[in-house]
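Thanks for making time for this. I would like to walk through a group of charged side chains and then turn to the packing around them.

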Amino acid sequence: MPNLVYFEPKALEYPLGEKLFKKFKKENIEIRYTTSHNQVRNLPGENDLQKYRIAKSTLVVGVRKSLKFDTSKPSAEYAIPFATGCMGHCHYCYLQTTMGSKPYVRTYVNVDEILATAQQYIDERAPEITRFEASCTSDVVGIDHLTHSLKQAIEFFGQSDYGRLRFVTKFHHIDHLLDAKHNGKTRFRFSMNNAYVIKHFEPGTSSLKYRIEAAKKVAQAGYPLGFIIAPLYLHQGWENGYQQLFEHLAKELPVETKNGVTFELIQHRFTKPAKRVIEKNYPNTQLELNEEKRRYKWGKYGIGKYIYQKEEETKLQKTITSFIEEYFPNGSIEYFT
């Protein structure tokens, strides 16, 4: 639950905005008003660190103005925007820089308009399948128990001939999604990592135990299931840590659900702007951000990133691939990057 909520005026013209307003009013959560999310200023807090943490527990309820969807390779053709920002505190997260000085969470109440736009994209590409990624700018599951926007989208895509939905989460608050009429057209993914990474770099998210329990429920509800293992992070004992992760996953998941499980593998990377923001927001982080230990890879927007040296990258990929082949022989790796 947020500690502070801002409403944009037009948000209250939509049924979801009105519903959220009544809910937060009933819960005695502080409500403020803003002409636009860009005008959200003067958040409580005595210094930047306090303001950053308060912003992370602040929700802005607004209307998505731009209905042009960004591309979302390699995960999907397009990103579908239901929310922006995340309440988690993962030290390495790329949202550290994309959200800049406004790390509050935003949810959009014009869900019908967003889905209508998705239908236009589907129609343009039909009869090819068009995939939409709902997690590019937020962990939407973290607020969906309040909004049910994601549930509405799951059922929308459940009726679609050529559209498919994908999202990923670090949260276990998924019970309200288990009875959604998904018809196998939404791939429900969980972000997983080994115990060391979760303990040191993923505060404010659900524990590995809770994530695995949620994944079991999702599998039993018939959703296509996937896991993003990210960031793949080199630390002392990393091989053993990742082997324990896959062993634990394979042991807990029902046998009949392991066929068709997908894996997406993403090595740890950072940009220079991200490093500055991470060190400002998490001054005591143990995250390894030494540019001299990395190699530089140019990005498509002209901002390069620091990734592992080629030899380390190759070992990382081979090791993780071998664990997946051992514990999930009928699973598939969608990509390593």
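E264 is buried, at a relative accessible area of 0%, where buried means under 20%, exposed over 50% and partly exposed in between, with a 1.4 Å probe and protein chains only. This is a predicted model, in which local features need pLDDT of at least 70 and side-chain atom pairs count only at pLDDT 80 or more, while totals for chains, interfaces and linings use all residues. Residues are numbered from 1 along each chain as its sequence is written, and side-chain values use heavy atoms, with hydrogens and water left out.

E264 meets R166 in a salt bridge at 3.3 Å, N to O, the term requiring a side-chain nitrogen of Lys or Arg within 4 Å of a carboxyl oxygen of Asp or Glu. R166 is in strand β9 and E264 in strand β12, 98 residues apart, strands being DSSP runs of E of at least two residues, numbered from the N terminus. R166 is itself buried, at 5% relative accessibility, and forms a salt bridge with E334 as well, with the closest N and O atoms 3.1 Å apart. Because E334 lies in strand β15 (residues 332-336), this pair ties together parts 168 residues apart in sequence. E334, at 33%, is partly exposed. Through shared partners, salt bridges join E133, R166, R189, E264 and E334 into one network.

Strand β12 (residues 262-267) also holds Q267, which is buried at 1%.

How values were computed
Helices (H or I, at least four residues) and strands (E, at least two) are DSSP runs, numbered from the N terminus.
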